[in-house]
Amino acid sequence: LKMKIQPFAVADFPDLPTVRTYKDWVITIRRLISAVCDKPTAAVKWIDQAFNEKVDMSELIMVENSPWECLDIQISVQICNKVAAIKKDMNTQPILMQLAQTILTAERIAHDNGRFLTGREMIRHIGVWAAVKCDHGQKYNIADILGMRLKDDNPDDDLYEFYVRWQDVY
């Protein structure tokens, strides 16, 4: 299986997701992967393994001379660039800083085992991180809550609606 893979344009690769934007991020990654490969259907099947929690993490480790080797490296480089940007930016949301640290920790563990973390492994770590945060009710962060504004002429009605919806979450 010989395929041609175009390099990513740095501007095309999306920023790392928040829990709220994770599903859109997955769609963007799938679209991007299919666009850079001359076998888009096979590329989507290959990248979907990273999003499928039933696929064991060991299956995401790169096999030498794999037709996907170049693409996996490109993904890991792009994600590492996004992680570095997050770590550098002092105004980064704490939840994204936590995601960056999760990826860096996984990368150090892989390095200690004499290999580097593949792009698909990084994608899996992002998915696990998003799922855990969502399971613990962290779909929205404090900035989202502070951004809420009451719209009704009677603020008590809005507060009641907020309270009812909040009860649905917890």
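Which pattern does the chain follow, read along the sequence? The answer is α-α-α-α-α-α-α. Bear in mind that this is a predicted model.

**Stop 1: the whole chain**

Show the chain as a cartoon. There are 7 helices and 0 strands. Now color by burial. Of the 170 residues, 35% are buried. The accessible surface comes to about 11000 Å², and carbon and sulfur atoms account for 55% of that. Next, think about contacts between residues at least 6 apart in sequence: 69% of them join residues at least 24 apart.

**Stop 2: helix α4**

Select residues 94–112. This is helix α4, with 19 residues. From its first C-alpha to its last, α4 reaches 27 Å, close to the 27 Å expected at 1.5 Å a residue. Which residues of α4 are buried? Pick out Ile95, Leu96, Leu99, Ala100, Ile103, Leu104, Ala106 and Ala110. Then step just past the end of the helix. Gly114 sits there, with a positive phi of about 80°.

**Stop 3: Arg115 and Glu121**

Move on to Arg115 and show its side chain. Arg115 forms a salt bridge with Glu121, and the closest N and O atoms are 2.8 Å apart. Are the two partners buried or exposed? Glu121 is buried, at a relative accessible area of 2%. Arg115 is partly exposed, at 29% relative accessibility.

**Stop 4: Arg124**

Select residues 119–135 to bring up helix α5, then find Arg124 within it. Arg124 is buried, yet it has no salt bridge. How far away is the nearest side chain of opposite charge? That side chain belongs to Glu53, and it is 6.6 Å away. A salt bridge needs a nitrogen and a carboxyl oxygen within 4 Å. Now show the backbone of Asn52. Its oxygen lies 2.5 Å from a polar atom of the Arg124 side chain. Leaving aside residues up to four places away in sequence, Arg124 touches Gln49, Ala50, Asn52, Glu53, Val55, Asp56, Met57 and Leu60.

**Stop 5: Lys82 and Asp15**

How many salt bridges does the chain have in total? The count comes to 3. One of them is the pair Lys82 and Asp15, with the closest N and O atoms 3.1 Å apart. Lys82 counts as buried, at 16% relative accessibility. Asp15 is exposed, with a relative accessible area of 57%.

**Stop 6: Arg30 and Asp48**

Finish with Arg30 and Asp48. These two form a salt bridge, with the closest N and O atoms 2.6 Å apart. Arg30 lies in helix α1 and Asp48 in helix α2 (residues 40–51), so the pair ties together parts that are 18 residues apart in sequence. Check the accessibility of each partner. Arg30 counts as partly exposed, at 30% relative accessibility. Asp48 is partly exposed too, with a relative accessible area of 26%.

Technical notes. Residues are numbered from 1 along each chain as its sequence is written. This is a predicted model: local features need pLDDT of at least 70, side-chain atom pairs count only at pLDDT 80 or more; totals for chains, interfaces and linings use all residues. Side-chain values use heavy atoms; hydrogens and water are left out. Helices (H or I, at least four residues) and strands (E, at least two) are DSSP runs, numbered from the N terminus. Buried means under 20% relative accessible area, exposed over 50%, partly exposed in between (1.4 Å probe, protein chains only). Contact means heavy atoms within 4.5 Å. Accessible areas come from the Shrake-Rupley method with a 1.4 Å probe; for residues, only the protein chains shown count as cover. Lys and Arg count as positive and Asp and Glu as negative; His and the chain ends are not counted. A polar contact is a pair of N or O atoms within 3.5 Å; within protein, one must be able to donate a hydrogen and the other to accept it, and residues adjacent in sequence count only if both atoms are side-chain atoms. The expected span of a helix is 1.5 Å times one less than its number of residues.
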